[in-house]
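Work through the exercises below with the sequence and the structure at hand. Each task is followed by a solution in steps.

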Amino acid sequence: QTGDARAAQIPRYVRVNTTMWSLAEAVKYFTAQGFVLADGPLDSTTAPKSFAKDAHIPNLLLFPPQTAFHADAAYTAGKLILQDKASCFPAAVLAPPARKDAVVIDATAAPGNKTTHLSALMRNLGKVYAFERDRKRFGTLTTMVARAGCTNVAPVNADFLTVDPRDPKFARVTHILLDPSCSGSGIVNRLDHLLETEEENQEAQDERLNKLAAFQLMMIRHAMKFPKVSRIVYSTCSVHATENEHVVRAALRCDEAAAGPFGLAPREEVLPAWPRRGMAEEMDAPEDAAALIRCSPGEDATNGFFVSCFVRKEAIAPSAT
Ligand code: SAM
């Protein structure tokens, strides 16, 4: 099956931007356009103009794959975000606090799908510093954040690695989302192309993946240096263990993790209902794989994706005996 054919089977996911309106209002809006809310998942038995609520992510709606939204009034007004289901997992797992004094970082933010999701989960309270290194993509980020009405987001055109964790501005940062550049090998309509390059030049691809993994690890280590950070989500849209389990494995062994100390958040805190977990054979402790999330392109009705969550472990109290 070609990547295009697989892409054609993925539902059109639409995240309701709860900063601007509610899920109930969005459902009413679509119903008024003749869409019918289905009880369960969309399949061949549901009416052609059906839509459904996602089973794992609140405020996420599913439409048939070919549904077009680019000219939709709610979309152009910033009330709907076109975001793949798997790409909604990182902000949901990070679960940033919705409090006036909350300070959160999105380290690699453009175009801003996850930044606007974080902002919505925080009910537009507190502050999200959204870093983006690339100037052009930073422009896209600021447009998206403004259009989505996220007034608690401060976009910053800077390289996250140059940001000083000891800067008093970041003294209260508790949550960091890290969705850095990756090979993009999970994106379904790119899979055909990747297959070709794989056959053509395995060595060059290995080198590229190793370089990306070194950069991704550096980003996690930098995030671990923020003095009050208690939760860091690391995600990629890659299917390669080199950028996923191997990066997490190396991060768990690094000095910053020992100093934190940081470990993996347990499965109960990382979308426990999602069945596909990390690859046990790629981890030092196979049981750690349960704490990781994978999405398999073609099998999960999403793009290929990976999510992990590091938490600062409480100091272990000496036993009373
Ligand atoms: N989280 C985004 C979203 O959901 O819309 C997608 C992020 S994309 C996978 C990675 C982004 O990180 C790119 O825009 C890239 O330019 C940016 N980036 C890469 N390295 C960076 C760094 N060191 N500091 C800040 N941004 C960086």
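Predicted model: local features only at pLDDT ≥ 70, side-chain atom pairs only at ≥ 80, totals over all residues.

**Exercise 1. Domains**

Task: State where the domain bounds of the chain fall, and describe the side of domain 1 that touches domain 2.

Solution. 
Step 1. The domain assignment places residues 3-82 in domain 1 and residues 87-312 in domain 2.
Step 2. Between the C-alpha centres of domain 1 and domain 2 the distance is 25 Å.
Step 3. To the contact, domain 1 contributes 16 residues and domain 2 contributes 24 residues.
Step 4. On the side of domain 1 that touches domain 2, helix H1 (residues 3-7) supplies the largest share, with four residues.
Step 5. Sorted by class, the residues on this side of domain 1 are seven nonpolar, six polar and three charged.

**Exercise 2. Strand E6 and its partners**

Task: For strand E6 (residues 103-106), determine which way its residues point and in what sense E6 pairs with E7 and with E9.

Solution. 
Step 1. Val-103 and Ile-105 point one way from E6, while Val-104 and Asp-106 point the other way. All of these residues are buried, which means that each has 20 or more other C-beta atoms within 10 Å of its own.
Step 2. With strand E7 (residues 127-131), E6 pairs in the parallel sense over four bridges. In this pairing Tyr-129 of E7 stands opposite Ile-105.
Step 3. The chain reaches E7 from E6 by way of helix H5 (residues 113-121), a right-handed β-α-β crossover.
Step 4. The pairing of E6 with strand E9 (residues 173-178) is also parallel, over four bridges. Here Leu-177 of E9 is found opposite Asp-106.

**Exercise 3. The ligand shell**

Task: How many residues surround the ligand, and which are the closest?

Solution. 
Step 1. The ligand is surrounded by 19 residues.
Step 2. The closest are Thr-108, Asn-113, Lys-114, Arg-133 and Phe-160.
Step 3. The shell divides into seven nonpolar, five polar and seven charged residues.

**Exercise 4. Glu-299**

Task: Locate Glu-299 in the chain and decide whether Glu-299 is buried or exposed.

Solution. 
Step 1. Glu-299 sits in the loop that runs between strand E12 (293-295) and strand E13 (305-312).
Step 2. Inside 10 Å, Glu-299 has 11 C-beta neighbours. The cut-off for an exposed residue is 12 or fewer, so Glu-299 counts as exposed.
Step 3. In sequence, Glu-299 and Ile-10 are 289 residues apart, but in space their C-alpha atoms are 9.8 Å apart.

Technical notes:
Residues numbered from 1 in each chain as written. Domains from an automatic or database assignment. Contact = placed C-beta atoms within 7 Å. Helix = DSSP H or I, 4+ residues; strand = E, 2+ residues; numbered from the N terminus. Nonpolar A, V, L, I, M, F, W, Y, C, P; charged D, E, K, R; others polar. Pairing = 2+ DSSP bridges. Right-handed = clockwise from strand over helix to strand, strands pointing away. Near = placed C-beta within 6 Å.
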